[in-house]
Amino acid sequence: MIARQIRERGAVTVDGFVSRTDVLGFVGKVMTLTPHPDSDQDGLTTIKDIGRASSRPGLAGLGSGELRAHTERSGTPTPPRLMLLVCLRPATSGGEVLLTDGRAVHEELIARAPAAMDALTRRGTAFYGGGGGHPSSIFTRHPGTRLSIRYRQDDLGQFSPVVTGYLPALRTAIGSHEIRIALQPGQGYLIDNHRYLHARNAFTGPRLCVRALGAPLFPLAEGFAARQAAWACGTEITAGPPSTDGTTRAGELADGAGEVR
């Protein structure tokens, strides 16, 4: 089930989308759409190369170059919890999606650079967005042993000297846990935007995707659960990739064969 996989793994692959109408039908079963400045009238955002305009801060996702690992809408007080991206037309070459589980990054840092976590969880050590952005931290602690991650690597992400010395270790951990996915037409992924970072390789050709952001229509605890041992003293644990065995097909969900719970 989609809700269970998001709660347990933070990500799930989806398939079987033919049109934006299919995407919207799926979206309506898993989330309440959150508006985005670049959204179209139906609430989805068209992701394609818009040329030179993509060189402006924050618009790298609308270009054809590399898009580094980040949290979607990191400059807002509370980034949308869910992000869905569906490929309608793949690139001629390149354009692979790169997903990184923040829990795996946290556990590697605890194991290899434990002092980093003291800095990376300090409030006010990161600032995301432009003049109307939001002060935060890279990792945020929640009640119990839960965490969330918020990060970006462009001009709209600024960091205190308290954390800058640890950023190389953070980037190395992110890179070591990247999951590469070459999306074909009709394929996509749904992620917990407070747990997973997403990125994209540079590409050529008329790549076309649509994206939805929103709040889940199912219970989802804040952040992700850090394993107690890793929280307390550090244990390296490698997280697995998003489920591909149980890929949810858009048509199945629309027909009622799939279930969100």
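Strand 10 and strand 11 form a hairpin with 3 residues between them, and Gly 144 in the turn has a positive phi of about 75°. Strands (E, at least two residues) and helices (H or I, at least four) are DSSP runs numbered from the N terminus. The model is a predicted one, in which local features need pLDDT of at least 70 and side-chain atom pairs count only at pLDDT 80 or more, while totals for chains, interfaces and linings use all residues. Residues are numbered from 1 along each chain as its sequence is written, and side-chain values use heavy atoms, with hydrogens and water left out.

Phe 139 has Ile 149 in strand 11 as its bridge partner. Strand 11 also pairs with strand 18 (residues 224-225), again in the antiparallel sense, over 2 bridges. In this pairing Leu 147 stands opposite Phe 224.

Strand 5 (residues 82-89) has two antiparallel pairings, one with strand 17 (residues 208-216) over 7 bridges and one with strand 14 (residues 188-192) over 5 bridges. Met 83 stands opposite Leu 213 of strand 17, and Leu 82 opposite Asp 192 of strand 14. Strand 5 is largely enclosed by the rest of the structure, because 6 of its 8 residues are buried. Buried here means under 20% relative accessible area, exposed means over 50%, and partly exposed lies in between (1.4 Å probe, protein chains only).

The loop between strand 14 and strand 15 (196-200) holds His 194. This histidine is buried, with a relative accessible area of 8%. The side chain of His 194 reaches the backbone oxygen of Pro 79 at 2.8 Å. A polar contact is a pair of N or O atoms within 3.5 Å; within protein, one must be able to donate a hydrogen and the other to accept it, and residues adjacent in sequence count only if both atoms are side-chain atoms. When residues up to four places away in sequence are not counted, His 194 touches Thr 78, Pro 79, Pro 80, Arg 81, Ser 148, Ile 149, Glu 222 and Phe 224, contact being defined as heavy atoms within 4.5 Å.

A salt bridge is a side-chain nitrogen of Lys or Arg within 4 Å of a carboxyl oxygen of Asp or Glu, and by this rule the count comes to 8. One of the salt bridges joins Asp 101 and Arg 195, with the closest N and O atoms 2.8 Å apart. This pair links distant parts of the chain, 94 residues apart, with Asp 101 in strand 7 (residues 97-101) and Arg 195 in the loop between strand 14 and strand 15. Both Asp 101 and Arg 195 are buried.

Glu 72 and Arg 211 also meet through their side chains in a salt bridge (3.1 Å, N to O). Glu 72 lies in the loop between strand 4 (67-70) and strand 5, and Arg 211 in strand 17, so the pair ties together parts 139 residues apart in sequence. Glu 72 and Arg 211 are buried.

A further salt bridge is formed by the side chains of Arg 20 and Asp 40 (3.1 Å, N to O). Arg 20 is in helix 2 (residues 20-30) and Asp 40 in the loop between strand 2 (31-33) and strand 3 (45-47), 20 residues apart. Arg 20 is partly exposed at 24% relative accessibility, and Asp 40 is partly exposed at 33%. Arg 20, Asp 40 and Asp 42 are linked in a network of salt bridges.

Methods: Two strands pair if DSSP finds at least two bridges between them.
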